[in-house]
Amino acid sequence: MLKIKIIAVGKVKEKFFQAGIDEYLKRMQPFCKAEIIMVNETKFSGNPNDQQIKQIVNSETLRINEYIKPDDYVIATKLQGKQLTSVEFAKKISDIEMTSSSIDFIIGGSYGLPNDFPCDFSLSFSKMTFPHQLFRLILCEQIYRSLMINGNRHYHK
């Protein structure tokens, strides 16, 4: 069975976002083993300078990397990543399933991921910026949608 990990920096603070995320995780369970792994964000005060931002990103990346296994297929969510339709995203997941039993979706912190973050694929959902809590919900919904598309279920229009 496919294993999906969403490795994300920071907590979901709003109960309504968490309720939505939990609902999609529950819906995914018959089709894959899905989980969200929250890593602590690096705290800072004031407006960090470029060097401090680099340290923050590196610190968070080290914590993210603790959960990535060598055989996992890693998809980093980045503004500069490739944008896919829901059908293309479903095809991507289906193709990955042919070669890997585990997909890790990585969501960086407020300052993102390093440009050289090692991944198999960089994914962008939009050129717009979303709050991290909302983005987790959107990602969960799109993963569920892709599972429905790949299973020829009637969720996707």
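Visitor: What should I know before I start?
Guide: This is a predicted model, where local features need pLDDT of at least 70, side-chain atom pairs count only at pLDDT 80 or more, and totals for chains, interfaces and linings use all residues. Residues are numbered from 1 along each chain as its sequence is written, and side-chain values use heavy atoms, with hydrogens and water left out.

Visitor: How are helices and strands named?
Guide: They are DSSP runs numbered from the N terminus: helices are H or I with at least four residues, strands are E with at least two.

Visitor: What span should α1 have?
Guide: The expected span of a helix is 1.5 Å times one less than its number of residues. The 14 residues of α1 should therefore span 20 Å, and its end C-alpha atoms are 20 Å apart, which agrees.

Visitor: Which residues of α2 are buried?
Guide: They are Ile56, Val57, Glu60, Thr61 and Ile64. Their arc is only 130° around the axis, which puts them on the same side of α2. Lys54 and Leu62 are exposed on the other side of α2. Elements covering the buried residues include β1 (3–9), β2 (33–39) and β4 (102–107).

Visitor: Where is Arg63, and what is it in contact with?
Guide: Arg63 lies in helix α2 and is partly exposed, with a relative accessible area of 23%. Leaving aside neighbours within four places in sequence, Arg63 is in contact with Val39, Asn40, Glu41 and Thr42.

Visitor: Which residues of α3 are buried?
Guide: Ser86, Phe89, Ala90, Ile93 and Ile96 are the buried residues of α3. Seen down the axis, they fall within an arc of 125°, so they line one face of the helix. Their cover includes β3, β4, β5 and α4.

Visitor: What is a nonpolar core?
Guide: In soluble globular proteins, nonpolar side chains tend to be buried together. A nonpolar core is a set of buried Ala, Val, Leu, Ile, Met, Phe, Trp, Tyr and Cys residues joined through side-chain atoms within 4.5 Å. The largest one here has 30 residues, of which Met28, Ile75, Phe105, Leu139 and Ile143 touch the most other members. The largest share of this core, eight residues, comes from α4. Apart from it lies another core, of ten residues, among them Ile37, Val39, Ile106 and Phe117.

Visitor: How many disulfides are there?
Guide: A disulfide is a covalent bond between the sulfur atoms of two cysteines. The test is a pair of cysteine sulfur atoms within 2.5 Å, and a search of the whole structure finds zero disulfides. For Cys119, the nearest cysteine sulfur, that of Cys140, is 19 Å away. For Cys140, the nearest is that of Cys32, 9.9 Å away. Cys119 is partly exposed at 28%, whereas Cys140 is buried at 0% relative accessibility.

Visitor: What about the phi of Asn152?
Guide: Most residues other than glycine have a negative phi. Asn152 has a positive phi of about 55° although it is not a glycine. Asn152 is found in the segment after α4 and counts as exposed, at 68% relative accessibility.

Conventions: Buried means under 20% relative accessible area, exposed over 50%, partly exposed in between (1.4 Å probe, protein chains only). The arc is that of the directions from the helix axis to the C-beta atoms. Contact means heavy atoms within 4.5 Å.
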